[in-house]
Amino acid sequence: MEYVHGGDIYSEEGLMDFSVNINPFGPGERVIEAVRSAAAEIGAYPDSRCRKLRNALAMELQVPPECLIFGNGAADILFSLVLAKKPKRALVTAPAFAEYEQALRSVGCEVLYHELKEEENFCLTEEILPCLDKGFDMVFLCSPDNPSGAVIPKPLLKRILQKCEKENILMVLDECFWEFAFADAKETMQEEAIASKYCFLLRAFTKMHAMPGLRLGYGICADEDLLENMQEVRQPWSVSNVAQAAGIAAIGDKERAAETRLYVQEERERIRGILTKLGIHCYPSSANYILMKSEKDLYKFLKKRGYLIRNCNNYRGLGEGYYRIAVRKREDNEKLLAAVTEICKEELADG
């Protein structure tokens, strides 16, 4: 199967990677030290119920422990959810994260698409509400969105949830990048997820805590029967001792997350300003990445210069000319911006 996501540093060795969206400062010292200490425990099976991690996260988020489920990254949670529900028909926004469709098709589900409009910066609007009818079992949404970085307004999400409750549709909301957009979890749909059986939040430690190599994701849902069914359709030891220890350490590193969020917000807008002046269209973002559109083949030209960015031509609803870049440390961002400036000047000279 062809690899179609960011972060493929194994096929593209030696390139500075702007294609994957994680904390630009990498994993924190707390996490690294926890990983070192937990290495001594690899001779024992991990706790299949993640009890210490569950209690720590429940206390941090102020949610009931029984509303949490953990997995080998958010993708593991996603596939377990779909396998447990076995939906017949689902609605997915486009463009969107490819794994939604992949997971749904793995159980033979019919997938339909709600196309987001470029003139609206690929933001979800009330136009989705009439689309939600009894013919659907699930709807997949993402906020901040991947790849655009757009946040779905909470009042709209609450209206969507109300419609889903009425039509017996499970609303799956991917909030894997929420910590880059919100200072408080209360700004997310967390309170609604622990109050309604029709809302499932998908989250990960991957992005803010820069631990994609450890694989740790979690879900929040009030439907305990659904969570139990998810446990039954998956292998019992999906989260390693090391990943559980890293997660507990990450939960205790709140100040680092707050500092990262502010840094990314400032650096993201600085990058957008420079790229815009170079004639590259950048869409508004509340996450740690920027979706952009250019007539120049930025993927090809930047790769020649040693930089890997995300070519978004395989996203449904995008195509050629769309690219996504991560916000990294300023010194790295300066190098990328210098390369883009050089490409634009060469184009002008050729013209």
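This is a predicted model: local features need pLDDT of at least 70, side-chain atom pairs count only at pLDDT 80 or more; totals for chains, interfaces and linings use all residues.
**Exercise 1.** Determine how helix α1 is oriented relative to helix α9, and which residues make the contact.

*Solution.* Begin with the geometry: the axes of α1 (residues 29-38) and α9 (residues 241-251) come within 8 Å and cross at roughly 150°. Angles over 145 degrees count as roughly antiparallel, and α1 and α9 are therefore roughly antiparallel to each other. The crossing in which α1 passes α9 is right-handed. Turning to the residues, α1 contributes Arg30, Val31, Ala34, Val35 and Ala38, while α9 contributes Asn241, Val242, Ala245, Ala246, Ala249 and Ala250. Sorted by class, this contact of α1 with α9 comprises 9 nonpolar, 1 polar and 1 charged residues.

**Exercise 2.** Describe the packing of helix α3 against helix α4 by angle, axis distance and contact residues.

*Solution.* The axes of α3 (residues 74-85) and α4 (residues 98-106) lie 9 Å apart, at an angle of about 35°. Here α3 passes α4 in a right-handed crossing. On the α3 side, Leu78, Phe79 and Val82 take part, and they meet Glu99, Tyr100, Gln102, Ala103, Leu104 and Ser106 of α4. The class count for this contact is 6 nonpolar, 2 polar and 1 charged residues.

**Exercise 3.** Characterise the second largest pocket by its volume and its lining.

*Solution.* The volume of this pocket is about 510 Å³. Its lining has 25 residues, of which Glu60, Leu61, Trp178, Ala185 and Lys254 are the closest to the centre. At least two lining residues each come from α2, α6, α7, α9 and α10, and α10 supplies the largest share, 4 residues. By class, the lining divides into 14 nonpolar, 3 polar and 8 charged residues.

How values were computed:
Residues are numbered from 1 along each chain as its sequence is written. Side-chain values use heavy atoms; hydrogens and water are left out. Axes are lines fitted to C-alpha atoms, for helices over the stretch in contact, and angles run from 0 to 180 degrees between N-to-C directions. Angles under 35 degrees count as roughly parallel, over 145 as roughly antiparallel, 65 to 115 as roughly perpendicular and the rest as oblique. A crossing is left-handed if the near helix is turned anticlockwise from the far one by less than a right angle, and right-handed if clockwise. Contact means heavy atoms within 4.5 Å. Ala, Val, Leu, Ile, Met, Phe, Trp, Tyr, Cys and Pro count as nonpolar, Asp, Glu, Lys and Arg as charged, and the others, Gly among them, as polar. On a 1 Å grid over the protein atoms alone, a cavity is a set of points where a 1.4 Å probe fits but cannot get out, and a pocket is an open set with protein on both sides within 12 Å along at least five of seven lines; lining residues have an atom within 4 Å of a point. Grid points are joined across faces, edges and corners, and a volume is the space filled by probe spheres set on the points.
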